[in-house]
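Here is a short note to read alongside the structure. Take the points in order.

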Amino acid sequence: MTREREVHEHVERRTIGAGGLAVGAVGLGCMPMSWAYSGSRQRGEESLRAVHRALDLGSTLLDTADMYGPFTNELLLGRVLKERRAEAFVSTKAGLLVGEQHIVANGRPGYVRRACDASLRRLQTDVIDLYQLHRADPEVPVEETWGAMADLVRAGKVRALGLCAMGAQGGRRPDSRPYDSTLAQLRRVQQVFPVSAVQAELSVWSPEALHALLPWCAARGVGFLAAMPLGSGFLTGTLTPGEGFEPDDVRARHPRFTAEMMAANQPIVAGLRRIARRHGEHVTPAQVALAWVLAQGRDVIALPGTKHAHWAEENAAAAGLRLTVEDLTEVARLPSAQGSWD
């Protein structure tokens, strides 16, 4: 038996939705390989090694979208899936179109059907395990979009459906709670066809989903896919305040990634590092951050993004880290993150 197979068999497995779709507790966010982060550092072969290594280690959920690239991320994953489809749980998304200077939503049923067929071709598979609505189209009733996605399940092209949450503050009235808009959408689409998963940001420095969105999922057996569990890299402790980002990196324009705010939020990383030291010299702040996310519920799957095999290894190992009550209490006492996020 190979070392990779031994690790694979011991990685914690969790389920998504009422259908009990099994995946590794830590998945692989594939967006950084093709979109939004440090374009000059994107290397196809290096990204392929990261995907292969993630599968070796049991990080079976590969999360992508047709807009990443656009399209190139699905094409890259297709090269892996051609060889290892049976080992992977494929999650992709539709509903956003990328233009030269803008991104727009498209939830028309005809478009959704065409987008699914195109994703299947790029991914070199005959079925998508989880098909997610990236954003609802304000010009199309979300029930119509969701109905078209449900038809794809009935046609055997998709196994389950998921919804990506709007930002915690997105569309909120002054008197509303975080994720009210998403919860309203979920109640509407749930009447059309079951929701198997909800994807939203959840991390030590962005815990807003804990207050209403995660409880909604837990009460209904809906999987929660924790996006950006490492705070777009900040919680790894590997970013230096003031070092700067490439112009095409989304963090270059983000209020929380100014030199001032990164310096102000260092106590959060310092707290994660203290906890890591209690668990051993090789445990990292990133692994503590991921373990905290996984500790929020049995329905939670962490989706850290990377394009490097060694980070995929570190992230997968976090599935075996168990935080103590003392650890969780210390995380809860860390200062709230400074700087606008949503």
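**Notes on the model**

1. Start with the surface. The model is a predicted one. The protein exposes about 14900 Å². Carbon and sulfur atoms supply 51% of that area.

2. Next, the overall build. The chain forms 12 helices and 12 strands. Its C-alpha trace spans about 55 × 50 × 40 Å along the principal axes. The radius of gyration is 19 Å; a compact globule of 342 residues would have one near 20 Å, so the two agree.

3. How much of the chain is buried? Of the 342 residues, 54% count as buried. Among contacts with a separation of 6 or more, 76% come from residues 24 or more positions apart.

4. Charge comes next. There are 39 positive side chains and 38 negative ones. The centres of the two sets lie 2 Å apart.

5. Now the aromatic rings. The count of aromatic pairs comes to 4. One of them joins Trp-205 and Phe-234. This pair is stacked, at 4.6 Å centre to centre and with 0 degrees between the planes. Trp-205 sits in the loop between strand 10 (197-201) and helix 7 (213-220), and Phe-234 in the loop between strand 11 (223-227) and helix 8 (259-264), so the pair ties together parts 29 residues apart in sequence.

6. Phe-234 and Phe-257 are both buried.

7. Which residues do the ring pairs link into a cluster? They are Trp-205, Phe-234, Phe-245 and Phe-257.

8. Turn to helix 11, residues 309-317. Its residues Ala-312, Glu-314, Asn-315 and Ala-316 are buried. What do the buried residues of helix 11 pack against? Their partners are helix 2 (44-57) and helix 10 (285-294). An α-helix has 3.6 residues a turn, so residues three or four places apart point the same way.

9. Gln-287 is worth a look on helix 10. Gln-287 is buried, because its relative accessible area of 10% is under the 20% cut-off. Which residues does Gln-287 touch, leaving out those up to four places away in sequence? They are His-282, Glu-314, Ala-317, Ala-318 and Leu-321. Of these, Glu-314 is one of the buried residues of helix 11.

10. Last, Met-33. Its place is in the loop between strand 3 (28-29) and helix 2. Met-33 counts as buried, at 4% relative accessibility. Asn-73 is 40 residues away from Met-33 along the chain. Yet the C-alpha atoms of Met-33 and Asn-73 are separated by 7.0 Å.

Conventions:
Residues are numbered from 1 along each chain as its sequence is written. This is a predicted model: local features need pLDDT of at least 70, side-chain atom pairs count only at pLDDT 80 or more; totals for chains, interfaces and linings use all residues. Side-chain values use heavy atoms; hydrogens and water are left out. Helices (H or I, at least four residues) and strands (E, at least two) are DSSP runs, numbered from the N terminus. The radius of gyration is taken over C-alpha atoms; the globule rule is 2.2 Å times the number of residues to the power 0.38. Buried means under 20% relative accessible area, exposed over 50%, partly exposed in between (1.4 Å probe, protein chains only). Contact means heavy atoms within 4.5 Å. Accessible areas come from the Shrake-Rupley method with a 1.4 Å probe; for residues, only the protein chains shown count as cover. Lys and Arg count as positive and Asp and Glu as negative; His and the chain ends are not counted. The place of a charge is taken as NZ of Lys, CZ of Arg, CG of Asp or CD of Glu. Rings of Phe, Tyr and Trp (its six-membered ring) pair if their centres lie within 6.5 Å; planes under 30 degrees apart count as stacked, over 60 as edge-to-face and the rest as tilted.
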